[in-house]
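Visitor: I would like to learn how to read the charged residues and the pockets in a model like this. Where do we begin?

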Amino acid sequence: MHQLKMKISNDLKLKGRVHFEAKDVNTGKVLYTFDDHNIIVNGALLATVKLLGNTASPSPITKIAFGTSATAPQYTDSNIQNPFVKNLDDVHIESNNTSVTFDFSLGTGEDNGVTIAEIGLMCTDGTLFARRTFPSPIVKNVNVALEGTCEVKYANDGSLKPVNVKKHWPRFL
């Protein structure tokens, strides 16, 4: 009997991006615009495994955190310094089914008197999923509001190739 031997490998990679604007609510002037990649930290692995494994305590991304640390992000980061944490405004899966967008805002009555230097996506249980610092911190006061999005997507860097089912499993078709 002929045995079919094969090796299937998918190198699924998560990539993140954060975009936001800080505006002066009195004048409508954009004070700061930020658009760059963020770091998907090691805590994302645990959160993903919990969701895939349908454990008793899966913890989806539901929160955004603003903090004060300007230390460059590392994969080993597990928290935001002096965090102001709030629920995300909205979460939606994009039509390409490979990315999720998380909408957030920080109103005029929130986190005032703080110099914001970092942002992070957080799971319901407090696990940090992604983190980014800013080149220029934002001095938050009652005249400043932030609005933006974080995106997490499965990156196809060309190494992900569709499996030809007819070639690999002809007896099942």
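Guide: Begin with a cut-off. Buried means under 20% relative accessible area. A salt bridge needs a side-chain nitrogen of Lys or Arg within 4 Å of a carboxyl oxygen of Asp or Glu. Keep in mind that this is a predicted model.

Visitor: Which side chain of opposite charge is nearest to Lys140, and how far away is it?

Guide: That side chain is Glu110, at 6.6 Å. Lys140 is buried and has no salt bridge. Lys140 sits in strand S8, residues 128-140.

Visitor: Which backbone oxygen does the side chain of Lys140 reach at 2.8 Å?

Guide: The backbone oxygen of Val144. There is a second contact to note. A polar atom of the Lys140 side chain lies 3.1 Å from the backbone oxygen of Glu110. Keep the two parts of Glu110 apart when you read this. The backbone oxygen is at 3.1 Å, while the side chain is 6.6 Å away.

Visitor: What about Asp24: buried or exposed?

Guide: Asp24 is buried, and has no salt bridge. The nearest side chain of opposite charge belongs to Lys29, 7.8 Å away. Asp24 is placed in strand S1. Its side chain reaches the backbone nitrogen of Asn26 at 2.8 Å.

Visitor: Now the charged residues that do pair. What is the general idea?

Guide: Side chains of opposite charge can pair when their charged atoms come close. Now the case here.

Visitor: How many salt bridges does the structure hold?

Guide: Six. One of them joins Asp35 and Arg17, at 3.3 Å from N to O. Asp35 belongs to strand S2 (residues 30-40) and Arg17 to strand S1 (residues 13-24), so this pair ties together parts 18 residues apart in sequence.

Visitor: Why does Asp35 count as partly exposed?

Guide: Because its relative accessibility is 43%.

Visitor: Which residue does Arg132 form a salt bridge with?

Guide: Asp36, with the closest N and O atoms 3.2 Å apart. The pair links distant parts of the chain. Arg132 is in strand S8 and Asp36 in strand S2, 96 residues apart. Asp36 counts as partly exposed, at 28% relative accessibility.

Visitor: What is the N to O distance between Lys23 and Glu21?

Guide: For that salt bridge it is 4.0 Å. Lys23 is partly exposed at 36% relative accessibility. Glu21 is partly exposed too, with a relative accessible area of 27%.

Visitor: Which residues are linked in a network of salt bridges?

Guide: Asp77, Glu118 and Arg131. Ala72 lies in the loop between strand S3 (61-67) and strand S4 (84-87). With a relative accessible area of 43%, Ala72 is partly exposed.

Visitor: On to pockets. What should I read there?

Guide: The largest pocket has a volume of about 460 Å³. Its lining holds 20 residues. Nearest its centre are Leu51, Ile61, Val100, Phe129 and Tyr154.

Visitor: Which elements give two or more residues to the lining of the largest pocket?

Guide: Helix H1 (43-52), strand S5 (90-93), strand S6 (99-106) and strand S9 (144-155). H1 supplies the largest share, four residues. By class, the lining has 14 nonpolar residues, five polar and one charged.

Visitor: How many residues line the second largest pocket?

Guide: Ten, written 10 in the tally. The closest to its centre are Leu14, Ile40, Ala44, Leu45 and Thr48. The space in this pocket is about 190 Å³. H1 gives the most here as well, with three residues. The lining has eight nonpolar residues, two polar and no charged ones.

Visitor: Last, the overall fold. How many helices and strands are there?

Guide: Two helices and nine strands. From the N terminus, the order is β-β-α-β-β-β-β-β-β-β-α. Of the 173 residues in the protein, 35% are buried.

Technical notes:
Residues are numbered from 1 along each chain as its sequence is written. This is a predicted model: local features need pLDDT of at least 70, side-chain atom pairs count only at pLDDT 80 or more; totals for chains, interfaces and linings use all residues. Side-chain values use heavy atoms; hydrogens and water are left out. On a 1 Å grid over the protein atoms alone, a cavity is a set of points where a 1.4 Å probe fits but cannot get out, and a pocket is an open set with protein on both sides within 12 Å along at least five of seven lines; lining residues have an atom within 4 Å of a point. Grid points are joined across faces, edges and corners, and a volume is the space filled by probe spheres set on the points. Ala, Val, Leu, Ile, Met, Phe, Trp, Tyr, Cys and Pro count as nonpolar, Asp, Glu, Lys and Arg as charged, and the others, Gly among them, as polar. Buried means under 20% relative accessible area, exposed over 50%, partly exposed in between (1.4 Å probe, protein chains only). Lys and Arg count as positive and Asp and Glu as negative; His and the chain ends are not counted. A polar contact is a pair of N or O atoms within 3.5 Å; within protein, one must be able to donate a hydrogen and the other to accept it, and residues adjacent in sequence count only if both atoms are side-chain atoms.
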